[in-house]
Amino acid sequence: MLWIMQFSGFFSAAMMMIVLSPSLQSFPPAEAIRSSHLDSYIRLPSFQVSTSPDSQDDRFSFRKAFEFRNADACGFADHKTTGVCDPTLVHVAITLDVQYLRGSIAAVHSILQHSLCPENVFFHFLVSETDMETLVRSTFPQLKFKVYYFDPEIVRNLISSSVRQALEQPLNYARNYLADLLEPCVRRVIYLDSDLVFVDNISKLWSTNLRSRTIGAPEYCHANFTKYFTNSFWSDDRFSGTFRGRKPCYFNTGVMVIDLVRWRRAGFTRRIERWMEIQKSNRIYELGSLPPFLLVFAGRVAPIEHRWNQHGLGGDNVRGSCRDLHPGPISLLHWSGSGKPWLRLDSKRPCPLDALWAPYDLYRHPH
């Protein structure tokens with residue numbers, strides 16, 4: 001009986017993928033172009049990642065993706081001439097970390113797969129430990145991208161212990177510094193976590209109207225906002241008073257559209273750092289990089305449709321239990337929480353919805 005229930009769950013997930021992914025059938029193959037230059041200031045360790053089938057470390061072995069090309073409706077743009085400053089580009093920032101590398105590669109693959117104009121997508125990869133450029137180029141030979149080194153020492157003394165060790169990794173805080181890392185000509189960027197996949201055209205998310213706000217994200221005002229901070233925070237008006245005059249709602253920082261011009265002008269990086277400094281001495285929250293964002297932006301977020309962050313598919317931060325889809329249309333699936341689809345699939349104990357992530361996985365399993 002158990003195997004029948006499991007099969008039924010996977011069959012339902014597979015049917016859901018067909019419903020969610022019309023572009024898998026209707027979009028022609030598309031090609032993304034890669035930027036070959038790196039700024040001289042980027043300092044990367046000398047360790048090289050191998051993508052050879054004979055590699056001694058199969059953790060880093062990925063299959064080569066198909067070439068993705070723009071649809072005719074995208075028109076022509078000479079990105080080779082204008083580079084990263086081309087105003088027609090869609091800018092996407094995502095981290096490349098050894099632990100979550102498989103997820104990042106799948107996320108990129110899903111974006112290209114569902115983009116009508118993949119040649120117009122420029123990826124900004126944030127790294128701290130390993131030179132990932134060779135791996136990215138081998139997996140996506142035509143991808144348009146650039147690698148940025150994020151120095152862990154910038155935040156090491158600002159990070160506090162969290163409910164999950166993964167939330168304490170310095171690269172998890174690189175999103176706070178996008179306005180400094182990316183070129184000044186990059187005026188807007190979509191920041192994405194590594195544990196998600198798109199099932200819709202990213203240009204729709206890119207076109208979000210932020211109005212006068214600095215960031216846009218799906219908000220969840222039904223969530224218990226008080227649980228994201230400690231009792232000492234709420235009992236001290238010096239801290240809790242920051243929300244006075246606002247109507248703060250929870251939002252997930254794994255999918256954000258960011259106006260970098262407004263961010264730079266207002267100095268939001270320093271504001272986030274200030275709350276991290278307060279946390280070191282007063283313990284006002286238990287989670288990692290999320291609470292400082294809530295403190296600075298909650299109640300000041302341009303709301304985006306919930307379809308762009310079907311989050312929580314990784315369960316909670318401890319057990320990583322299976323979750324169901326939230327009701328409504330879906331454009332992005334996000335395995336936030338401790339349960340990651342690639343780990344559950346490899347362990348032969350997947351959740352039914354992990355079958356929706358699997359088609360974008362380019363990992364080459366060892367023989």
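Which residue forms a salt bridge with Asp-200, the closest N and O atoms being 4.0 Å apart? That residue is Arg-307. The pair joins distant parts of the chain, 107 residues apart: Arg-307 lies in the loop between β10 (302-303) and β11 (332-334), and Asp-200 in the loop between β5 (196-198) and α8 (202-206). Helices (H or I, at least four residues) and strands (E, at least two) are DSSP runs, numbered from the N terminus.

This is a predicted model, in which local features need pLDDT of at least 70 and side-chain atom pairs count only at pLDDT 80 or more, while totals for chains, interfaces and linings use all residues. Residues are numbered from 1 along each chain as its sequence is written, and side-chain values use heavy atoms, with hydrogens and water left out.

**Salt bridges**

A salt bridge here is a side-chain nitrogen of Lys or Arg within 4 Å of a carboxyl oxygen of Asp or Glu. The structure holds 18 salt bridges. Asp-200 also meets Lys-204 in such a pair, at 3.0 Å from N to O. Elsewhere, Glu-277 is bridged to Arg-270, with 3.0 Å between the closest N and O atoms. Both residues belong to a network of salt bridges that also links Glu-273 and Arg-274. Side chains of opposite charge can pair when their charged atoms come close.

The table gives the relative accessibility of residues in these pairs. Buried means under 20% relative accessible area, exposed over 50%, and partly exposed in between (1.4 Å probe, protein chains only).

| Residue | Relative accessibility | Class |
|---|---|---|
| Asp-200 | 11% | buried |
| Lys-204 | 47% | partly exposed |
| Arg-307 | 24% | partly exposed |
| Arg-270 | 43% | partly exposed |
| Glu-277 | 28% | partly exposed |

Asp-200 counts as buried because its relative accessibility is 11%. Lys-204, at 47%, counts as partly exposed, and so does Arg-307, at 24%.

**Helix α13**

Helix α13 (residues 290-297) is mostly covered, with 8 of its 8 residues buried. Among them are Leu-290, Pro-291, Pro-292, Phe-293 and Phe-297. The buried residues of α13 pack (contact means heavy atoms within 4.5 Å) against the strands β6 (215-217), β8 (250-251) and β9 (255-259), and against the helices α9 (231-235), α11 (260-266) and α12 (268-282). After α13 comes Gly-299, which has a positive phi, near 90°.
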